Amino acid sequence: MYAGCVSGAIQLEDYLKIMANVGFNNIDVQKKKLIEIPDDILLKYLNPAELAEFKAAKVGIFSITVYALKSKDCGTNCCC
């Protein structure tokens with residue numbers, strides 16, 4: 001799952017908060033793409049009941065493209 005960047009995934013809201021906390025502004029999610037993982041792969045990590053629950057929850061794993069701005073003078077939160 002590391003190769004697919006799935007194991008390190010976090011909630012969208014948490015990711016956007018991190019970006020804001022380190023000084024980015026005008027944050028805009030420009031693209032959101034559902035990552036479809038085949039059942040046979042998911043069953044390596046979930047039992048059949050968990051897989052059914054995952055599918056019924058109408059949740060998913062998404063890849064996003066984010067646009068944001070950061071000023072050159074970003075004070076103590078600067079990471080650049």
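Lys58 lies in the loop between α3 and β2 (61–69), where helices (H or I, at least four residues) and strands (E, at least two) are DSSP runs numbered from the N terminus. Lys58 has a positive phi of about 55° although it is not a glycine. The model is predicted: local features need pLDDT of at least 70, side-chain atom pairs count only at pLDDT 80 or more, and totals for chains, interfaces and linings use all residues. Residues are numbered from 1 along each chain as its sequence is written, and side-chain values use heavy atoms, with hydrogens and water left out.

**Positive phi**

- Most residues other than glycine have a negative phi.
- Lys58 is exposed, with a relative accessible area of 76%; the classes are buried under 20%, exposed over 50% and partly exposed in between (1.4 Å probe, protein chains only).
- Asn26, not a glycine either, has a positive phi of about 50°.
- Asn26 is placed in strand β1 and is exposed, at a relative accessible area of 52%.

**Overall layout**

- The protein chain has three helices and two strands, and from the N terminus on its elements run α-β-α-α-β.
- Of the 80 residues in the protein chain, buried residues make up 9%.
- The accessible surface of the protein chain comes to about 6,500 Å², and 55% of this belongs to carbon and sulfur atoms; accessible areas come from the Shrake-Rupley method with a 1.4 Å probe, and for residues only the protein chains shown count as cover.
- Among contacts (heavy atoms within 4.5 Å) between residues at least 6 apart in sequence, 72% join residues at least 24 apart.

**Charged side chains and rings**

- The structure holds one salt bridge, defined as a side-chain nitrogen of Lys or Arg within 4 Å of a carboxyl oxygen of Asp or Glu.
- This salt bridge is formed by Lys55 and Asp39, with the closest N and O atoms 2.9 Å apart.
- The pair links distant parts of the chain, 16 residues apart: Lys55 is in helix α3 (residues 48–56) and Asp39 in helix α2 (residues 39–42).
- Both partners are partly exposed, Lys55 with a relative accessible area of 44% and Asp39 at 33%.
- Lys32 lies over the face of Phe62, at 5.1 Å from the ring centre; a charge sits over a ring if NZ of Lys or CZ of Arg is within 6 Å of the ring centre and within 35 degrees of the ring normal.
- Zero aromatic pairs are found in the whole structure; rings of Phe, Tyr and Trp (its six-membered ring) pair if their centres lie within 6.5 Å, with planes under 30 degrees apart counted as stacked, over 60 as edge-to-face and the rest as tilted.

**Nonpolar residues**

- Ile10, Tyr15 and Ile18 make a nonpolar surface patch of about 280 Å²; patches are made of residues with over 30% relative accessible area and no salt bridge, with like charges joined within 9 Å and nonpolar side chains (Val, Leu, Ile, Met, Phe, Trp, Tyr) within 5 Å.
- Ile18 lies in helix α1 (residues 12–21) and is partly exposed at 46% relative accessibility.
- Leu42 lies in helix α2 and counts as buried at 9% relative accessibility.
- Apart from its neighbours within four places in sequence, Leu42 is in contact with Ile37, Leu51 and Phe54.
- The C-alpha atoms of Leu42 and Phe54 are separated by 10.0 Å, the two residues being twelve apart along the chain.
- Val22, in the loop between α1 and β1 (25–35), is partly exposed at 27% relative accessibility.
- Val22 and Lys70 are 9.0 Å apart in space, C-alpha to C-alpha, and 48 residues apart in sequence.
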